[in-house]
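Have the viewer open as you read.

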Amino acid sequence: MVGRLMFAVRTRGLTKRFKGLVAVDSLDLEVETGEIFGLLGPNGAGKTTTIRMICGLLLPSKGHIRIYDHDPFKEAEKVKRILGYMPQKFSLYDDLTVWENLDFYGSVYGLSKSERERRIEELLDFVELKGFEHHLAGKLSGGMKQRLSLASALLHSPKLLILDEPTAGVDPPLRRSFWSFFRKLNNEGVTLLVTTHYMDEAENCDRLGLMNKGRLVAVDSPRGLKRKLHGGDLIELVPKSGLDEVIHVLEGLSFVFKVEKVNEERLHLVVEDAETAIPALFTALERAGVEVRSLSQVNVNLEDVFIGLAG
């Protein structure tokens, strides 16, 4: 339907209870086609439980799920063809080689022998496992196992790739490599839903959902979430003159939402957009005869945002 926004993933009131514990609580989630969406939160926030329900591996206690408008429980075969899943823990066969694992899972997805061979060759190149085809999976390093798991999830060329803590336990250089893989896939049109508790890598997502205690606390772009914390962009001003007269000038500017004294030398200002506000501030302060020692945007990190928004 022309003009209709298609969601790769959509949940409404998604809830999962384990005896007395509510692991996921009335989750309304929308992942747009073509984006990298991150679920960010600490261990125990409900991320993996959410992912397992979306993949059709765990029955919800309440609510419903749609994957490209398909029900993962009632239309499991259709969903299987369009969804690739990389679980948090390595789940391939230790006593099979890299090639044998990929060949087996390719057959599970219904690929013909020639298709399997072509895709395996492509993916060994893509995840940089060329030369390890005949190594037993159980003998691979942790990082290589993660690469093999990713290749397995991509065998049938899914439109949606779901990654549960894909970089957990791997070193920073390999984490960068994985995000390079993810961006390449996204550029090729694959939608990604990624869970993580690493605040720095969450910056790579187009949008983020902050999860805490089974609930979705906030959803926005990384920049949008940072603005939510203070109500806009944060700027630090260090004037040469006394702060009281500078505050009086700043409070008369319509584009400055808030002025806060950090200490006896510096101020924090909240503005809608730092890029346009900083030149305007220089001009306004110069006209008022205020000399500026420094004026710059404050980098707000996602850890501060999560703590602030999740309470």
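Predicted model: local features only at pLDDT ≥ 70, side-chain atom pairs only at ≥ 80, totals over all residues.

Residues are numbered from 1 along each chain as its sequence is written, and side-chain values use heavy atoms, leaving out hydrogens and water. Helices (H or I, at least four residues) and strands (E, at least two) are DSSP runs, numbered from the N terminus.

**The sheet**

- Strand β5 (residues 83-86) and strand β6 (residues 160-164) pair in the parallel sense over four bridges; pairing takes at least two DSSP bridges between two strands.
- Next along, β6 and strand β7 (residues 191-196) run parallel and are joined by five bridges, with Ile-162 standing opposite Leu-193 in β7.
- Zooming out, six strands make an open sheet with mixed pairing, ordered β5-β6-β7-β3-β8-β9.
- β5 and β9 (215-220) are the edge strands, each pairing on one side only.
- On β5, Leu-83 and Tyr-85 point one way while Gly-84 and Met-86 point the other, and all are buried (under 20% relative accessible area, with a 1.4 Å probe and protein chains only).

**Helices lying across the strands**

- Helix α1 (residues 47-54) lies across β3 (36-40), β5, β6, β7 and β8 (207-212), at about 150° to β7. Axes here are lines fitted to C-alpha atoms, for helices over the stretch in contact, and angles run from 0 to 180 degrees between N-to-C directions; contact means heavy atoms within 4.5 Å.
- Helix α5 (residues 142-154) lies across β5 and β6, running at about 165° to β5.

**Helix against helix**

- Helix α3 (residues 98-108) and helix α4 (residues 113-126) have axes that come within 10 Å and cross at roughly 130°. That makes α3 oblique to α4 (oblique is whatever is left after under 35 degrees for roughly parallel, over 145 for roughly antiparallel and 65 to 115 for roughly perpendicular).
- Residues of α3 including Trp-99 and Leu-102 meet residues of α4, among them Ile-120 and Leu-124.
- Helix α7 (residues 222-230) packs with helix α10 (residues 302-310) at an angle of about 55°, the axes being 9 Å apart. This pair is therefore oblique too: α7 and α10.
- Their contact includes Leu-225 and Leu-229 of α7, and Val-305 and Leu-309 of α10.

Note on methods
Buried < 20%, exposed > 50% of the residue type's maximum accessible area, 1.4 Å probe, protein only.
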